[in-house]
Structure formats: C-alpha cells, structure tokens
Amino acid sequence: MAVRVDRYKCGYCGACVTVCPADAIELVGVCIEIRENCNECGVCVNICPVGALELENKG
Amino acid sequence: MREERYDVVVVGAGPGGSTAAKVAAEHGLDVLLIEKNQEIGVPVRCAEGVSKRVENFVSLPKECIATEAAGARIFSPDGTCVELSEKTARGKLAEVGYVLERKLFDKYLARLAADSGVEVRVKTQAISILKDGSSVKGIVVRDVSDDAKIFADVVIAADGVESKIGRMAGLETRIKPADLEVCAQFYMTGIDVEEDFSEFYLGNKIAPGGYAWVFPKGERSANVGVGIEASRSRDGARALDYLKAFVRRKFPEGRVLGQVYGAVPVSGPIKSVADGIILVGDAARQTDPLTGGGILNAMEAGKIAGEVVAEAFERKDFSESSLREYEERCKELNEKLTRMYRARLLVSKFSDKELNRLARSLEGVRFEELNARELLRELIKRNPRLLMSLAKLFP
C-alpha cells in the first residue's frame, strides 16, 4: 500500500475517493481503505482537508 | 449468496435518494432504499444552509430547522459588506434562509419514504453492481449478517460525492481537483453571531477558490466553515488550516462542539444515465458550482428520477435511451448548473483587489431577489468591463 491513512485524523469526507484517478480508494462506512492498485500519484494527499493521507516512505 | 428482488433499489438515503425512493413507491413500485451508515443523516457532511424554497418540496417539521435567517451578508476581503435581506428585497426568499438540522432533516425525508412503502435498510453498503451484458441489474449489498444479491430493474445511485456506483456502471464520475471543493467546519458556541444573517467571506487568503461561511445555528452558535478549491490545497494550506486561521481571527473566544469535513463537486452536470441506472444529487454532480448548495437540486432531481423510473416501468424499458428522459427533464437544472460552473471559473480567478472593487460597486443596491444569479446580474450591470465574459452567461 503506497498511501497511508491516519485514522485519527481522517474526517471521512470522501474527497480522496472522488479524485482518485486509479479508483483505488473506498470509503466503507467511516473508514477509508486504499487498495493495491494505488499508483502513488499523491493527488489525494494534497487535497485532504485535514492532512490524513501520507505517501508511505518505502525506504 | 442470498438473493432478493425489488423493482427499484436506491443507494444512499440523503435528500436525493429518499425523495427518489418515495416518489417511485408512490407510483406503486417495490422500492428498497439502502444507507451505508448506521444512522441516516449521520455523519453530517454539510454546512446545512438551504433556501426557503425547500418548502416547495416538503413541509418541514420545526425540529428540522435550527435557524431561520432573513438574509445574507457577503464580505469582500477588505470587509466591505454586501447585504441581501428580505427587507430590501420585497419579501423574496433568501438563498440561505434556513439552517437545517441535517441529522433530523435526512431522517424525516427517509421516514416519508418509509411511510410511502419504501423498505429502508441502514448499515448496508453496496459493494458491487450486478450486470447483464451492459445493463445494470442490481447490486450486491453487505450488512451485519451477510452479502446479498439485490436484483432490480433500475438502480438509482444517490451515493454522494464519491459516486462509486456510477463508476462501477461505467459512467465517468471521477473529478479533477479543480472541480472539487474541500471543506472543514466547526460547530461553534459561545460566539457573537447575528442570528438573522448567514455570512459569506470571500478572499484568496481566507478561502482560495471558495469561501468561508458563518451559518447561525441557535443562540450564540453557528456552523463556521471554509471551503477551498481542492487544486489549491497543499500541506500547511489545507481546508482545516484556513478554517483554524479564520476562527482564530473571528471567534477566538468560541468553543468547538463539533467538526465536519466534506467535499462538494463543482464540476457541473455529468452524464447521469446508463442501461438500468440513474445518478441523483452529488453523485450526478448536481450541486451549484458557485454556491456549493446541493440539497434542493438533489430533491428536484430525485423527484424526476422517481417519476421517470415509474414511466419506464409502464414501458417495460429500462435501457439508457428510455431513462434518458431523466436528463431531458433535468435540462433546465443542468443548464443552470452549467452557467454557474462558467461563472465559478471566472469568479474564482478574481484577485482580492478585484473582489473589493466589485463589493464596493454594490454599495446602496437594493436587491429584488436574494440569490447568486441576481447578485451576478447586478455586478455585471455595474462592472461591465471587468465582467464582460460573465455578462455573456447572464444576458
């Protein structure tokens, strides 16, 4: 998984689901789930209103 | 897997979904309305302002209305105030006339649907769609017990901004960040607000590509929020950062009793029908691109969807060409949305200096009607050169 969700920060607004070009994000109830087909484009990371998404550092 | 059969399944019990379900049931159809959340209307993802025109659609019980405002005040970056009040507008109704209790409003609409014979299920998520060739034939739902196949001749997807059901059906519902507003809101108390007015604050430092709002919600309380264009959001300059800055300046003494986050599609209308499926409300991008308001458009479209589906049953034809009647009857709404989209593109490019100049040009104006369109008309009249391209949209 390339993008990580901080569940403590997430306000489950659905913005990331809406913009994801790879269709890799799902809002299940109030939980964001990111699927393996995430292409790490980072669009969701920038637009999140609270900064709950992060590109994982694969180090 | 368990299998069930309905005439129509509606995904999402917001104002659009509940209205569509109710109207379809009133036409004698067997309707299932599902809501993924445990409780209808929760979590709220809305600033809760709505025009008093809401009463053309439904008569509201008192508890659904938190506050009734007599008008709106729009502030330019330097604080110049443009006032739209019912007093100056000869009794016309304000664009944000009611501040709703969405938790109760949404439940009330769902109750009306249930009273019309709709079966309602909460904590029930649509996880995929059923297809027969190119045609949508139902959905697969997941709830606390197990998965079930729900077969239906028509799926009405009122599943909100994410619009996943439409995407599964092959409709392009993804949105680029320039066509999305991301919002953060605090429900605040202990603040000095005038209960009579909803307030809007414009400016590139306050809310780039959007606006900040203060919608009164009972005594010394309000929904205080900021929406910014998603393409202008970045680390350290997110919707929440702008909201915190706004609140620090405006209501440092306030207390936050609730937080709300939301995303508002401002792309203008998209293709909203395919074989066996209709999109309604935010899912169909039917929010007003300039104001962000979506409740009434969703209810209007929901009603049309319910009627069109009932007629499709008479014809026994659920193909895209049969359901296209929905887009046909949404034409007026869609044309309005397209105009507002173009207006938004122009307005969101104004510098703070230009916004100030525009606000000052309206000094002393008495508005005949209290809506964004009338405001734009007056602005165009007074600033013909600056707003030349806007004038073409509102002849």
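Analyst: Arg285(B) counts as buried because its relative accessibility is 0%; buried means under 20% relative accessible area, exposed over 50%, and partly exposed in between, with a 1.4 Å probe and protein chains only. This is a predicted model, in which local features need pLDDT of at least 70 and side-chain atom pairs pLDDT 80 or more, while totals for chains, interfaces and linings use all residues. Residues are numbered from 1 along each chain as its sequence is written, chains are lettered from A and ligands numbered from 1 in the order written, and side-chain values use heavy atoms, without hydrogens and water.

Arg285(B) sits in the loop between β20 (277-279) and α5 (295-315) of chain B; helices (H or I, at least four residues) and strands (E, at least two) are DSSP runs numbered from the N terminus. Its phi is positive, about 60 degrees, although Arg285(B) is not a glycine. Lys123(B), also not a glycine, has a positive phi near 50 degrees. Lys123(B) lies in the loop between β9 (119-121) and β10 (125-132) of chain B and is partly exposed, at 38% relative accessible area.

The loop between β3 and β4 of chain B holds Pro43(B), which a cis peptide bond with omega of about -5 degrees joins to Val42(B). Cys46(B) is in the loop between β3 (31-34) and β4 (49-50) and is buried at 17% relative accessibility. Beyond its neighbours within four places in sequence, Cys46(B) is in contact (heavy atoms within 4.5 Å) with Arg102(B), Gln185(B), Val260(B) and Ile295(B).

Next comes the sheet. In chain B, 7 strands form an open sheet of mixed pairing, in the order β7-β6-β15-β16-β17-β14-β18; two strands pair if DSSP finds at least two bridges between them. β7 (81-85) and β18 are at the edges with a single partner strand each, so one side of each has no neighbour in the sheet. β14(B) and β18(B) pair in the antiparallel sense over 10 bridges, and Met188(B) stands opposite Val256(B) in β18(B).

Helix α4 (residues 239-250) of chain B has 12 residues. Its buried residues are Ala239(B), Leu240(B), Tyr242(B), Leu243(B), Phe246(B) and Val247(B). Seen down the axis of α4(B), they fall within an arc of 160 degrees (taken from the directions from the axis to the C-beta atoms), so they line one face of the helix. They pack against β14 (180-189), β15 (197-201), β16 (211-216), β17 (221-229) and β18 (255-265) of chain B. The face of α4(B) turned away from the buried side carries the exposed Arg248(B) and Arg249(B).

In one of them, at 2.6 Å from N to O, the side chains of Glu4(B) and Arg121(B) meet. Glu4(B) is in strand β1 (residues 2-5) and Arg121(B) in strand β9 of chain B, so the pair ties together parts 117 residues apart in sequence. Glu4(B) and Arg121(B) are both buried. A network of salt bridges links Arg2(B), Glu4(B), Glu119(B), Arg121(B) and Asp146(B). Lys164(B) and Asp23(A) also meet in a salt bridge, at 3.0 Å from N to O. This pair crosses between chains, from helix α3 (residues 164-168) of chain B to the loop between α1 (15-19) and β2 (25-28) of chain A.

How values were computed. Expected span 1.5 Å × (residues − 1). Salt bridge = Lys/Arg side-chain N within 4 Å of Asp/Glu carboxyl O.
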